[in-house]
Amino acid sequence: MGRPDDVSVKASSGGAAAERAKTRSAARCSAQDIYVQLREMILSFELYPGIRVTETELAEYFGVSRTPVREALQRLEQDAYLIIRPKQGCFIRQLDIAELGQYYEIRQDLEALSLRFACENMPDRNLRELGKAWDPEIQPGRSDEPGEMVAREESFHVALAEGGGNAVLANYLKDINSHIRVVRRLDFTSGERIDRTYAEHHDLVQCLLRRDLPAAQTLMREHIAQSESFAKSLTLHQLAQRRNSSFGQL
């Protein structure tokens with residue numbers, strides 16, 4: 001993707017940006033507040049990959065000094081949401097499809113290891129609770145908001161890693177998720193995709209309850225491969241649609 005023109009970060013007359021403007025008028029934003037809001041703007045493509053923003057315009061936008069903005073931007077850079085270039089500004093990270101594929105490859109191996117630990121160490125009662133949380137007939141906690149479903153889906157995989165007793169592995173999975181989350185939201189824009197996720201997660205838990213590791217790992221590979229294929233095939237197309245239809249000055 002080519003680099004879009006710089007975008008002025010100003011509140012529009014409606015939408016999410018206007019709501020944030022109201023929030024800012026009620027209370028000054030801390031570095032944490034700014035971090036959370038900018039991250040959400042990046043994840044929702046209100047700040048499109050490749051655009052340039054500056055400390056000055058963000059400070060004006062949030063109604064604060066440049067210090068908390070700088071702290072928030074540094075943290076966003078550490079979390080791989082943007083790139084800071086001295087004397088040039090900050091650029092929202094471009095989406096690199098090849099790099100995304102590499103993260104998915106690593107995720108495949110980490111998830112397979114996570115299942116091994118869960119199969120060996122996770123108590124039946126914990127697995128039953130996890131299976132109940134992903135009952136495809138009831139679908140507890142279901143949301144049609146993509147961001148909420150991505151968070152819920154990630155929590156399932158982290159729960160398996162933590163249930164297996166390896167906190168280091170769980171942290172690695174969280175890091176992988178942070179790099180692919182921006183496109184995974186596009187993966188949860190259809191009801192059919194959400195239905196399938198409930199069914200796949202439930203089936204995985206049933207395999208673990210039977211202590212059938214090979215079957216669980218096969219299901220996990222298929223589950224991740226579908227997600228990767230979806231992201232690769234639709235990312236560029238949907239990002240272009242999003243920019244043409246709804247991306248403008250904030």
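Visitor: Which residue in the turn between β2 and β3 has a positive phi of about 65°?
Guide: This is a predicted model, in which local features need pLDDT of at least 70 and side-chain atom pairs count only at pLDDT 80 or more, while totals for chains, interfaces and linings use all residues. Residues are numbered from 1 along each chain as its sequence is written, and side-chain values use heavy atoms, with hydrogens and water left out. Strands here are DSSP runs of E with at least two residues, and helices are runs of H or I with at least four, both numbered from the N terminus. β2 and β3 form a hairpin with three residues between them, and the turn residue with a positive phi of about 65° is lysine 87.

Visitor: What is the strand order of the open sheet?
Guide: Two strands count as paired if DSSP finds at least two bridges between them. The edge strands, each pairing on one side only, are β1 (52–53) and β2 (82–85). The order of this three-stranded open sheet is therefore β1-β3-β2.

Visitor: Which residue in β3 is the bridge partner of isoleucine 84?
Guide: Leucine 82 stands opposite isoleucine 92 in β3. Valine 53 stands opposite cysteine 90, and the bridge partner of isoleucine 84 is likewise cysteine 90.

Visitor: Which residues in α3 are met by Ile34, Gln37, Leu38 and Met41 in α2?
Guide: Contact means heavy atoms within 4.5 Å. Those four residues of α2 meet, in α3, Leu58, Tyr61 and Phe62.

Visitor: How far apart are the end C-alpha atoms of α9?
Guide: The expected span of a helix is 1.5 Å times one less than its number of residues, so the 19 residues of α9 (residues 191–209) should span 27 Å. In agreement with this, the end C-alpha atoms of α9 are apart by 28 Å.
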